Amino acid sequence: MGEGERFQLGTIGALTLSVVSSVSIVICNKALMSSLHFIFATTLTSWHLLVTFCSLHVALKMRFFEHKPFEQKVVMGFGILNGISIGLLNLSLGFNSVGFYQMTKLAIIPCTVMLETLFLGKKFSRRIQFALGILLLGVGIATVTDLQLNTLGSILSLLAVITTCVAQIMTNTIQKKFKVSSTQLLYQSCPYQAGTLLICGPFLDNFLTNLNVFAFKYTTQVTFFIVLSCLISISVNFSTFLVIGKTSPVTYQVLGHLKTCLVLAFGYILLQDPFSSRNILGILIAMIGMFLYSYYCTLENQQKAVEAAAQASQAREAESDPLINVENGTTVATDTVGQKSQAWSKDKD
């Protein structure tokens, strides 16, 4: 099996793990919050990250992966930024209607595209932009019901979108720049993410719910679902870093909207949640957008692979025959002095 095929299988595995674990944790948390009334989302997330770090530490001691330290300031800033983005998203939900919160999540994709284009020089073809537009339209139809605006909620939503986009872009760029795996990055950043949320989580939840997380009555059933949620979160956190590292922040957001559609469908099938024709129409349009995005991404990746192979082949041919200078698609033989001069100039460039 070639390296390209192994990479594709790894990417498919990461995407599958992300979808399965995310849908599972949403269903688990829905039972925990809706049925058992444990509504302390930020504190629960901090426990998720703490359990993830502990599990990774055990895996490190068992030598499942290698610890690879790199710039501590980068790790600390990245971890704290991730924690802040989670807190801001929860605040955005607390101060806005559900419909406006869904619009906030939809805004993450165009914001990510804009930031990557402006600051990283990444180009998105018109086909990709068209597919993303269809996807966002479908998810918007399926999930956005009411749009009640207020100044504070809008500011919090804007900050949540910006911090989330930057954090996800950093997840991708840090892995490539420092040549660390998703597991290594998650292991080193988890303490800072967990610490940020452990400190501010109880205060944030108290502010949003007027309830104290430490005064909550922890029955056996509540404790079971909390433990189950924390265990599932290990896969969620790991697959998040894995998907962004193997693909891109935009692809991860597209995958996130697929999860949203699946959660709506599972909610209707398993929990008998209300489901309208508008939901069905939105999900179908979103699925078309996801299919087009996947198809266009595959086409463009194949084109890049062919171009890279052609360039590598030309480079090998040039190295194998130093007496031939290839320029503008024509082969020109020059005298010995000219050959040496051109070869030296080419190497220098």
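The model is predicted.

Start with the whole chain. It has 349 residues, and 42% of them count as buried. The secondary structure consists of 12 helices and 2 strands. Read from the N terminus, the order is α-α-α-α-α-α-α-α-α-α-α-β-β-α.

Next, consider how the chain meets itself. Take the contacts between residues at least 6 apart in sequence. Of these, 86% join residues at least 24 apart.

Now turn to the annotated spans. The unreviewed UniProt entry carries the annotation "transmembrane region" for residues 12–32, 38–62, 74–93, 128–145, 151–170, 222–244 and 278–296. Two of these spans can be looked at in the model. Residues 12–32 are 100% helix and 0% strand. The C-alpha atoms at the ends of residues 12–32 are 30 Å apart. Residues 74–93 are also 100% helix, with 0% strand. Here the end C-alpha atoms lie 29 Å apart.

Finally, look at helix α3, residues 72–95, and its packing against helix α8, residues 182–209. Their axes are 8 Å apart and meet at an angle of about 30 degrees. Angles under 35 degrees count as roughly parallel, so α3 and α8 are roughly parallel to each other. The crossing of α3 past α8 is right-handed. What classes of residue make up the contact of α3 with α8? There are 14 nonpolar and 11 polar residues, and no charged ones.

Methods
Residues are numbered from 1 along each chain as its sequence is written. This is a predicted model: local features need pLDDT of at least 70, side-chain atom pairs count only at pLDDT 80 or more; totals for chains, interfaces and linings use all residues. Side-chain values use heavy atoms; hydrogens and water are left out. UniProt positions are given in the numbering used here, feature names are shortened, and annotations may be inferred rather than shown by experiment. Helices (H or I, at least four residues) and strands (E, at least two) are DSSP runs, numbered from the N terminus. Axes are lines fitted to C-alpha atoms, for helices over the stretch in contact, and angles run from 0 to 180 degrees between N-to-C directions. Angles under 35 degrees count as roughly parallel, over 145 as roughly antiparallel, 65 to 115 as roughly perpendicular and the rest as oblique. A crossing is left-handed if the near helix is turned anticlockwise from the far one by less than a right angle, and right-handed if clockwise. Ala, Val, Leu, Ile, Met, Phe, Trp, Tyr, Cys and Pro count as nonpolar, Asp, Glu, Lys and Arg as charged, and the others, Gly among them, as polar. Buried means under 20% relative accessible area, exposed over 50%, partly exposed in between (1.4 Å probe, protein chains only). Contact means heavy atoms within 4.5 Å.
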